[in-house]
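Please take a moment with the sequence and the structure below, and then follow the paragraphs as they lead from one part to the next.

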Amino acid sequence: MTTDASQAEAVAVPVAGTKATDIAKPASNTLFVRAKRPVTIEDVRYNLQLAVELEHATLPVYLQAAYSLDDAKNGVIADMIIGVAMQEMEHFCQAANILVAVGGHPAIDAPKFVPSYPGGLPKEIGTQPGQAEFVVHLRPFSKDQIKSCFMVIEEPADPVDIKDTGLLRAASDIEDNYRTIGEFYEDIAKALAGLGDGVFSGKPDGQVYGMFGIKPILGLADAQAAIERIIVEGEGTPTEPTEDGTGDMAHYYTYYEIYKGRKIAKQGDDWVFTDETIPFDPTGVADIPDDPRQEDYAPGSAAAIQSQSFNTYYSNLLKALHLSFNGNPDKINDAIALMFDLKIQAKSLMQTPLDDGSGKCAAPTWQYVP
């Protein structure tokens with residue numbers, strides 16, 4: 001497996017013991033969420049559907065990068081990214097459960113649910129006013145993809161001690177905009193607090209729980225605890241880059257470790273880079289195209305056939321998830337099985353040469369099949 005030179009960004013690995021605050025990171029795009037502040041229960045249901053779509057929209061992007069990595073050469077990085085993706089799947093389920101608990105019906109089995117790449121994130125989630133357009137690409141792993149896409153999506157409002165001289169974000173110039181996805185979720189929690197326990201069914205019916213440590217949403221306290229978990233696992237806490245003191249880095253800091261090539265730990269009062277490196281071998285990345293589409297592959301070719309097979313598995317996964325949160329929670333077992341099938345299909349596709357003379361291999365296109 002090889003990669004173009006353009007995919008292999010040279011990033012200096014910090015010396016062990018270097019304080020994270022001493023490492024400058026280049027200014028870049030930031031994510032923002034255009035606010036539609038929820039007040040009524042209809043508003044809350046709308047934002048929770050948006051949250052389900054948002055959590056899903058990160059999965060093709062993160063998994064494309066993870067699956068492009070050769071497990072023998074870059075298995076540590078692949079496992080770190082897949083770990084984040086699994087927690088995004090947990091957040092997907094948490095948001096869907098809250099929506100079910102307040103009388104909503106998650107809409108998952110639909111072409112419009114699936115993002116197009118390149119493009120923005122779902123609906124109101126996109127570009128910060130005054131900045132270059134934030135565009136999400138389906139790409140193989142690279143340090144640039146980590147920095148300019150993954151870290152932008154996951155960045156907290158105020159990075160803990162690992163905030164450097166050049167932040168990725170910029171303060172919004174529209175007062176009512178959310179600066180981070182965490183703030184978007186916090187507003188949902190505030191709206192639910194205002195509406196009270198009366199908007200909840202008080203029953204676990206129709207919800208998916210038990211896996212990933214997910215508990216049923218029976219009332220306001222359960223919903224707020226689930227939202228807090230989503231925020232903490234993505235952004236850390238105001239005082240810790242870890243998941244609420246668990247020792248596991250929140251998503252943003254996991255990606256920061258990958259980008260810098262060294263683990264972060266606390267020494268005294270400081271968060272520093274330790275002597276544990278995260279090696280990256282540029283030769284262990286599949287040479288696949290950016291933003292592939294099914295129509296890019298010649299009809300009847302091996303790439304087209306395997307790509308269509310992948311998209312069928314992916315669409316069947318969405319159908320199973322839709323049924324799981326719309327009256328058939330046992331269908332989640334089918335969804336879990338299909339998740340494992342996706343990786344096998346993706347790896348096979350990424351070893352299928354294109355017949356266009358480019359020397360590249362095919363890649364998943366993550367498109368909906370009715």
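**A pocket and the helices around it**

H8 contributes 6 residues to the lining of the largest pocket, the largest share; helices (H or I, at least four residues) and strands (E, at least two) are DSSP runs, numbered from the N terminus. The model is predicted, with local features needing pLDDT of at least 70 and side-chain atom pairs counting only at pLDDT 80 or more, while totals for chains, interfaces and linings use all residues. Residues are numbered from 1 along each chain as its sequence is written, and side-chain values use heavy atoms, with hydrogens and water left out.

The lining of this pocket is made up of 21 residues, and Leu63, Tyr67, Met86, Met339 and Phe340 lie nearest its centre. The elements that give two or more residues to the lining are helix H1 (41-67), helix H2 (71-101), helix H7 (302-324) and helix H8 (332-349). On a 1 Å grid over the protein atoms alone, a pocket is an open set of points where a 1.4 Å probe fits, with protein on both sides within 12 Å along at least five of seven lines, and lining residues have an atom within 4 Å of a point.

H1 also packs with helix H4 (residues 181-195), at an angle of about 150° and with axes 10 Å apart, the axes being lines fitted to C-alpha atoms over the stretch in contact and the angles running from 0 to 180 degrees between N-to-C directions. H1 and H4 are therefore roughly antiparallel to each other, a term for angles over 145 degrees.

Strand E3 (residues 262-267) and strand E4 (residues 270-277) run antiparallel and are joined by 5 bridges, where two strands pair if DSSP finds at least two bridges between them. Gln267 has Asp270 in E4 as its bridge partner, and in the hairpin, with 2 residues between the strands, Gly268 takes a positive phi near 65°.

Definitions and conventions. Parallel < 35°, antiparallel > 145°, perpendicular 65-115°, else oblique.
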